[in-house]
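I opened my notebook to get to know a new structure, one look-up at a time. Come along and check each entry against the picture.

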Amino acid sequence: MAFHPGEIHQINLTALLFTGFDFQKSMEFVTNYGRDNDTVAAVTGAILGALHGFDSLPKKSVAQVLSVNKKELGIDLEKMAEQLTEFLIAQGKVKIEG
């Protein structure tokens, strides 16, 4: 059976509600659930990152993700985020407050 968005949504929603929207516990839940867990974890992480903000993510997990992407894939996620932010500001799509 093909994996589909409805199933991703169900697993995400269950993980979020079961763990009280806790980032680490939600990641553990969806990863251990099985199936297409990398996709579900990516969506769950995006939801919780948007909800809680980057600074609220577990520091150890953030450091590991940044390191592995840079070392193994040659992708500097921090630089990419800065470039995207600068582009969006220049386009007038994002305003920096404060």
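**Entry 1: Ser56.** I began with Ser56, which sits in the loop between helix H3 (37-52) and helix H4 (59-73). For helices I took DSSP runs (H or I, at least four residues; strands are E, at least two), numbered from the N terminus. I looked up where the Ser56 side chain goes, and it reaches the backbone oxygen of His52 at 3.1 Å. My rule for such a polar contact was a pair of N or O atoms within 3.5 Å; within protein, one must be able to donate a hydrogen and the other to accept it, and residues adjacent in sequence count only if both atoms are side-chain atoms. I also noted Phe23, 33 residues from Ser56 along the chain, with the two C-alpha atoms separated by 9.0 Å.

**Entry 2: ground rules.** I am reading a predicted model, where local features need pLDDT of at least 70 and side-chain atom pairs count only at pLDDT 80 or more, while totals for chains, interfaces and linings use all residues. Residues are numbered from 1 along each chain as its sequence is written, and side-chain values use heavy atoms, with hydrogens and water left out.

**Entry 3: the whole chain.** I found 5 helices and 0 strands in the protein chain, giving the pattern α-α-α-α-α along the sequence. The C-alpha trace spans about 45 × 30 × 30 Å along its principal axes. Of the 98 residues, 21% are buried. Here buried means under 20% relative accessible area, exposed over 50%, and partly exposed in between (1.4 Å probe, protein chains only).

**Entry 4: salt bridges.** How many salt bridges does the rule give? I used a side-chain nitrogen of Lys or Arg within 4 Å of a carboxyl oxygen of Asp or Glu, and the count comes to 2 salt bridges. Side chains of opposite charge can pair when their charged atoms come close.

- Glu7 pairs with Arg35, and their closest N and O atoms are 2.8 Å apart. Glu7 lies in helix H1 (residues 5-19) and Arg35 in the loop between helix H2 (23-33) and H3, so this pair ties together parts that are 28 residues apart in sequence. Glu7 counts as buried at 12% relative accessibility, whereas Arg35 is partly exposed at 47%.
- Lys70 pairs with Asp76, with the closest N and O atoms 3.5 Å apart. Lys70 is partly exposed at 48% relative accessibility, and Asp76 is partly exposed at 26%.

**Entry 5: two positive phi values.** Most residues other than glycine have a negative phi. I therefore jotted down Arg35 again, with a positive phi near 60° and a relative accessible area of 47%. Phe21 has a positive phi too, about 65°, although it is not a glycine. Phe21 lies in the loop between H1 and H2 and is partly exposed, with a relative accessible area of 33%.

**Entry 6: a nonpolar patch.** Phe21 came up again on the surface, where Leu13, Leu17, Phe21 and Leu51 form a nonpolar patch with about 370 Å² of accessible area together. Leu51 belongs to helix H3. Patches are made of residues with over 30% relative accessible area and no salt bridge; like charges are joined within 9 Å, and nonpolar side chains (Val, Leu, Ile, Met, Phe, Trp, Tyr) within 5 Å. The areas come from the Shrake-Rupley method with a 1.4 Å probe, and for residues only the protein chains shown count as cover.

**Entry 7: the largest pocket.** Which residues are closest to the centre of the largest pocket? The pocket has a volume of about 470 Å³. Of its 17 lining residues, Phe54, Val62, Val65, Leu66 and Leu77 are closest to the centre. H2, H4 and helix H5 (77-90) each supply at least two lining residues, and H4 gives the most, with 8 residues.

My working rule: on a 1 Å grid over the protein atoms alone, a pocket is an open set of points with protein on both sides within 12 Å along at least five of seven lines, where a 1.4 Å probe is used and lining residues have an atom within 4 Å of a point. Grid points are joined across faces, edges and corners, and the volume is the space filled by probe spheres set on the points.

**Entry 8: distances to Leu66.** Leu77, in helix H5, is 11 residues from Leu66 in sequence and 6.4 Å away, C-alpha to C-alpha. Ile47, in helix H3, is 19 residues from Leu66 in sequence and 18 Å away, C-alpha to C-alpha. Leu77 is partly exposed at 29% relative accessibility, and Ile47 is partly exposed at 36%.
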